[in-house]
Amino acid sequence: MKRRQLLAAGCACCASVIAGRAWGQAAPDYLAPQRFQRPDLTTDEGGLWAMMDREEKALRRSPLVLRDAKLTTYVQDLACRLGAGHCPDIRIFLVRTPQFNASMAPNGMLQIWTGLLLRMENEAQLAAVIGHEIGHYLQRHSVERLRDIKSRAAAGQVLALFGLAGAIGQLAVLAGSFAYSRDHEHEADRIGAYLMHRAGYPVAESAAVWSNLLDEARAREGEEPSQSSPLFATHPVPPERRDNLAQLAKLMPGGSDGKDRYAEHTVHLLDEWLQDEIKRGQYAESLVLLSRRIAAGSAPDLMRYYRGEVHRLRGMTGDHDLAWNDYQAAAAGAVPPPPAFRGIGLVARQRGQKDEARHAFARYLDLAPDAPDAALIQSYITELSS
Ligand SMILES: [Zn+2]
């Protein structure tokens, strides 16, 4: 009954925003329900929580979880400011996976993948993503999604296969791979926009997140965005959503994006995340990302080096020249990454420019004598000297 009242209040509030009245400073009641009590295990919601508890237990032991106290505390604090009274129930897990994804389970487990963190340009964009996930959490969308799946024909097959005891767990897995409904996405967007506005961030950054992601997805010719990111599979992002968020931003102006704070808490991990990024082999997407970061002047030497790597590895017509240009620019930058000299050496070696290659390789080994590929590069120097 209470749930029904909350939803009804939510719909009324959304209508007022659509009608052009911005939310005031006070949180609408439905955004701040009481902290959730653990549901009874005999209910479907209780089964869903138990399933997520097991997943969380496994995640705690996973080598993929980032053990970086500085960044984890920073993200946890951000989630707490957005979630306000729900802060004690939100547990952050940063997962080393180079794809764009975030998800919040009904038991409060919030996963954020490093491929998403790499793509955030400032604190406000991360606030937008977390605010959106908290929106799903506050409205218990995953429970509704589970019930929706249960009511479909697939449920009958699951029941037949696993019996009643195993059915809830299997349905939860199934539900996790289904998209939220369009209405759920819009509701989570509206709540996320409100939460980030309340915490002092510009709502326009939420539209920027999706706009950037759509640019990357479109760079992959002939593929649907849902195939390039798990987030697109469970959170469809039509341009309409981006445009709605841009509209909301007009209704909730102001805020500061926290760009420097975000850079300060992530800069030490960028190299690792970029290595993971190019190992995905999705070069078109990586080029869009890296070019955007270079244009924004964010760690430009490192980004130029990695864009050079992407061109060299892709190896299409003209790529080696583009790689050469990026390596040279990175090597001449204020903070040249040592591997930029290795890159220059590799391209020069391929072009038959022996002296230039030898000189660049030697510079690389001077700057990074303990590099894992030092012996290989030394063998190139020997070969080029003969
Ligand atoms: Zn969503």
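Helix α19 (residues 354-367) packs against α20 at an angle of about 150°, and their axes are 9 Å apart. Helices here are DSSP runs of H or I with at least four residues, and strands are runs of E with at least two, numbered from the N terminus. The axes are lines fitted to C-alpha atoms, for helices over the stretch in contact, and angles run from 0 to 180 degrees between N-to-C directions. α19 and α20 are therefore roughly antiparallel, a term for angles over 145 degrees. Their crossing is left-handed, meaning that the near helix is turned anticlockwise from the far one by less than a right angle.

Which residues make the contact? On α19 they are K354, A357, R358, F361, A362, Y364 and L365, and on α20 they are A374, I377, Q378, Y380, I381, L384 and S385. Two residues are in contact if their C-beta atoms, placed from the backbone, lie within 7 Å. By class, this contact has 10 nonpolar, two polar and two charged residues. Nonpolar covers Ala, Val, Leu, Ile, Met, Phe, Trp, Tyr, Cys and Pro; charged covers Asp, Glu, Lys and Arg; the others, Gly among them, are polar.

A word on the model. It is a predicted one, where local features need pLDDT of at least 70 and side-chain atom pairs count only at pLDDT 80 or more, while totals for chains, interfaces and linings use all residues. Residues are numbered from 1 along each chain as its sequence is written.

Back to α20, residues 374-385. Its 12 residues reach 17 Å from first C-alpha to last, close to the 16 Å expected at 1.5 Å a residue, the expected span being 1.5 Å times one less than the number of residues. Buried means 20 or more other C-beta atoms within 10 Å of a residue's own, exposed means 12 or fewer, and partly exposed is in between, with C-beta atoms placed from the backbone.

Now a second pair. Helix α9 (residues 204-219) and helix α12 (residues 239-251) pack at about 160°, with axes 7 Å apart. They too are therefore roughly antiparallel, and the crossing is left-handed. A204, S206, A207, W210, S211 and L214 of α9 meet P239, R241, R242, L245, A246 and A249 of α12. That contact has eight nonpolar, two polar and two charged residues.

Finally, the whole chain. It has 20 helices and three strands, and 37% of its 386 residues count as buried.

Technical notes
Angles under 35 degrees count as roughly parallel, over 145 as roughly antiparallel, 65 to 115 as roughly perpendicular and the rest as oblique.
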